[in-house]
Amino acid sequence: NPVPLPALIEPACALSLAEAGRLLREGRLVAFPTETVYGLGADATCDRAVAAIFEAKGRPSFNPLIVHVADAAEAEALVELDDRARLLTARFWPGPLTLVLPRRAGSPVSLLASAGLDTIAVRMPDHPVALDLIRAAGRPLAAPSANRSGAVSPTLALHVVDSLGARVALVLDGGPCRVGVESTVLDLSTATACLLRPGGIAAEEIEAALGSPLARAAIDPHAPKSPGMLESHYAPGLPVRLNATTAEQDEALLGFGDIVGTLTLSAAGDLQEAAANLFAMLRLLDGGPHRAIAVAPIPEHGLGLAINDRLRRAAAPRGQP
Ligand code: TXA
Ligand code: MG
């Protein structure tokens with residue numbers, strides 16, 4: 001076996017993008033910035049490359065991956081878009097909305113990427129480096145968050161190297177991620193659109209665009225349709241306690257609004273700012289001297305749904321990843 005090279009971090013530029021595109025076409029893994037979190041990218045049409053993602057993440061292989069495209073026309077070649085899908089892509093793409101759609105006959109996407117399902121999750125990220133990379137590779141890119149399975153998602157290039165090290169060939173550095181929580185995953189393979197994972201686009205905005213309420217996925221931890229539904233996920237090393245107004249002894253407090261903490265997600269009570277800070281602040285507190293992390297209450301609307309979803313998983317009893 002060849003000795004793995006340590007991961008390189010390179011500022012995203014024309015030269016590093018061309019190199020990254022070449023690595024991807026060879027079946028190697030490249031981490032890249034999106035507006036949500038850093039993704040661990042591989043050629044979505046190559047079984048061997050997609051298998052390398054599961055290996056690097058230590059991820060259970062029944063979890064399907066999101067396939068990233070550079071525009072809606074590229075998605076048309078992979079999946080069947082209906083009127084709802086066209087309306088939502090026109091309204092929210094590029095952006096943090098992932099659509100689960102029926103696989104098109106002859107779709108080049110690896111069956112491993114969709115975990116053998118007859119649907120594929122597609123999204124067009126709102127980040128110039130991600131879009132340039134997809135074009136440089138000339139392939140759609142399968143990309144989960146660029147961290148070991150079950151751990152806190154990366155919002156800085158350094159987080160990726162921390163978590164994956166030599167398991168990734170190259171990390172393109174595009175600075176901090178603007179949104180900070182993963183995309184909203186919406187299942188459009190059924191008659192009623194179903195929210196599988198709350199994320200960067202608020203459920204209320206999608207309901208307003210569709211003019212009808214979304215179904216919410218029933219949570220069955222034994223048969224997760226979305227790994228966002230596995231109980232423990234996004235977990236820092238320290239225990240996490242929710243809805244705290246003060247810290248107990250030896251606890252760090254992650255504040256919000258009027259509750260000022262060791263670190264504060266948003267003193268102004270702004271949910272967008274809180275989402276953007278969430279994972280980086282959890283990592284900072286995790287690396288500090290405390291024995292646990294207490295978190296202030298976050299309102300359950302808009303981006304608060306995604307923040308509370310990730311926090312509940314961070315606080316869930318730790319079982320298998
Ligand atoms: O913001 C994001 O979505 C990030 C960045 C890198 O784009 N990616 C990400 O990917 O979070 P990942 O693999 O960690 O999450 C994929 C989500 C999971 O909840 C998975 O179960 C769901 O999408 N998913 C993928 N394909 C699916 C399918 N065919 N049916 C149902 N759910 C699917
Ligand atoms: Mg993830």
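A: In this predicted model, strand 13, which covers residues 251-255, is joined to strand 14 by two bridges, and the two strands run parallel.

Where the domains touch, the contact takes 15 residues from domain 1 and 15 residues from domain 2. On the side of domain 1 that touches domain 2, there are seven nonpolar, six polar and two charged residues.

Another sheet can then be followed in the model, and this open sheet is formed by 11 strands with mixed pairing, in the order 1-8-2-3-7-4-6-5-9-10-11. Its edge strands are strand 1 (8-11) and strand 11 (215-216), each of which pairs on one side only. Within this sheet, strand 2 (residues 30-32) and strand 8 (residues 170-173) pair in the parallel sense over two bridges, and the bridge partner of Val 30 in strand 8 is Leu 170.

Helix 1 (residues 14-25) lies across several of these strands, namely strand 1, strand 2, strand 3 (39-43), strand 7 (141-142) and strand 8, and the helix runs at about 145° to strand 8. Helix 1 also meets helix 5 (residues 128-137), for the axes of these two helices come within 8 Å and cross at roughly 55°. Helix 1 and helix 5 are therefore oblique to each other, and their crossing is right-handed. In this contact Leu 17, Ala 18, Ala 20, Gly 21, Leu 24 and Arg 25 of helix 1 meet Asp 132, Leu 133, Ala 136 and Ala 137 of helix 5. Sorted by class, the contact has seven nonpolar, one polar and two charged residues.

A further pair of helices can be described in the same terms. The axes of helix 4 (residues 83-92) and helix 7 (residues 203-210) come within 10 Å and cross at roughly 125°, and these helices are therefore oblique to each other. Helix 4 passes helix 7 in a right-handed crossing, with Arg 84, Leu 87, Leu 88 and Arg 91 of helix 4 making the contact with Ile 206, Ala 209 and Leu 210 of helix 7. By class, this contact has five nonpolar, no polar and two charged residues.

Two details of the backbone complete the account. Trp 93 and Pro 94 are joined by a cis peptide bond with an omega of about -5°, and Pro 94 lies in the loop between helix 4 and strand 5 (97-102). In the loop between strand 5 and strand 6 (119-123) one finds Ala 115, which has a positive phi of about 55° although it is not a glycine.

Definitions and conventions:
Residues are numbered from 1 along each chain as its sequence is written. Chains are lettered from A and ligands numbered from 1 in the order in which they are written. This is a predicted model: local features need pLDDT of at least 70, side-chain atom pairs count only at pLDDT 80 or more; totals for chains, interfaces and linings use all residues. Axes are lines fitted to C-alpha atoms, for helices over the stretch in contact, and angles run from 0 to 180 degrees between N-to-C directions. Helices (H or I, at least four residues) and strands (E, at least two) are DSSP runs, numbered from the N terminus. Angles under 35 degrees count as roughly parallel, over 145 as roughly antiparallel, 65 to 115 as roughly perpendicular and the rest as oblique. A crossing is left-handed if the near helix is turned anticlockwise from the far one by less than a right angle, and right-handed if clockwise. Two residues are in contact if their C-beta atoms, placed from the backbone, lie within 7 Å. Ala, Val, Leu, Ile, Met, Phe, Trp, Tyr, Cys and Pro count as nonpolar, Asp, Glu, Lys and Arg as charged, and the others, Gly among them, as polar. Two strands pair if DSSP finds at least two bridges between them.
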